[in-house]
Amino acid sequence: MRTAFALACLVVAAPAFAAAAKPQGPLLPSGPDPWVAQRDGVYYYTNTQGDRISLWKTTDLARLGEARPVIVWRAPAQGPNSASVWAPELHYLDGKWYLYYTAVDKAHTG
């Protein structure tokens, strides 16, 4: 009896869950090493871009392609972190945002 009731609840609730999951296909034309953080109903997205870190901000992840990216950091022309900027991550910890990434000195890439 309980199993039948649980199954009936799932059948009734399934359309509501399905309606919430709308993203189809790629959200952006390109986006290696994607990262998404969510806070207070807002999604923050970033991905590998090679020489900079940009953030996209949206309240609807399915509409990420409509958000305008904002460059939040550029690699310096030389020295540490000047090349191969990749796999950025955004984290909110103890009331502060932290942006982590990997990069190399372009003088020592090989």
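**Exercise 1. Find the partner of Arg63 in a salt bridge, and say how far apart the closest N and O atoms are.**

Step 1: Arg63 forms a salt bridge with Glu66, and their closest N and O atoms lie 2.8 Å apart. The cut-off here is a side-chain nitrogen of Lys or Arg within 4 Å of a carboxyl oxygen of Asp or Glu.

Step 2: Now check exposure. Glu66 counts as exposed at 56% relative accessibility, while Arg63 is partly exposed at 45%. Buried means under 20% relative accessible area, exposed means over 50%, and partly exposed is in between (1.4 Å probe, protein chains only).

A word on the model before going on: it is predicted, so local features need pLDDT of at least 70 and side-chain atom pairs count only at pLDDT 80 or more, whereas totals for chains, interfaces and linings use all residues. Residues are numbered from 1 along each chain as its sequence is written, and side-chain values use heavy atoms, with hydrogens and water left out.

**Exercise 2. Work out how many salt bridges the structure holds, and describe the others.**

Step 1: The structure holds 3 salt bridges.

Step 2: Arg52 and Asp51 meet through their side chains at 2.7 Å, N to O. Both are partly exposed, Arg52 at 24% and Asp51 at 38%.

Step 3: Asp40 and Arg39 also pair up, at 3.9 Å, N to O. Asp40 is exposed, with a relative accessible area of 68%, but Arg39 is partly exposed at 30%.

**Exercise 3. Follow β2 (residues 42-46) through its pairings.**

Step 1: With β1, β2 pairs in the antiparallel sense over 5 bridges. Trp35 has Thr46 as its bridge partner, and Arg39 stands opposite Val42.

Step 2: The hairpin of β1 and β2 has 2 residues between the strands, and Asp40 takes a positive phi near 50 degrees there.

Step 3: With β3 (residues 52-58), β2 pairs in the antiparallel sense over 3 bridges. Tyr43 stands opposite Thr58 in β3. This hairpin has 5 residues between its strands, and Gly50 in the turn has a positive phi of about 95 degrees.

Step 4: Is β2 enclosed or open? In β2, 4 of the 5 residues are buried, so the strand is largely enclosed by the rest of the structure.

**Exercise 4. Name the residues that make the nonpolar surface patch of about 220 Å².**

Step 1: They are Val70, Val72 and Leu99. Patches take residues with over 30% relative accessible area and no salt bridge, joining like charges within 9 Å and nonpolar side chains (Val, Leu, Ile, Met, Phe, Trp, Tyr) within 5 Å.

Note on methods. Areas by Shrake-Rupley, 256 points an atom, 1.4 Å probe, with all protein chains shown as cover. Pairing = 2+ DSSP bridges.
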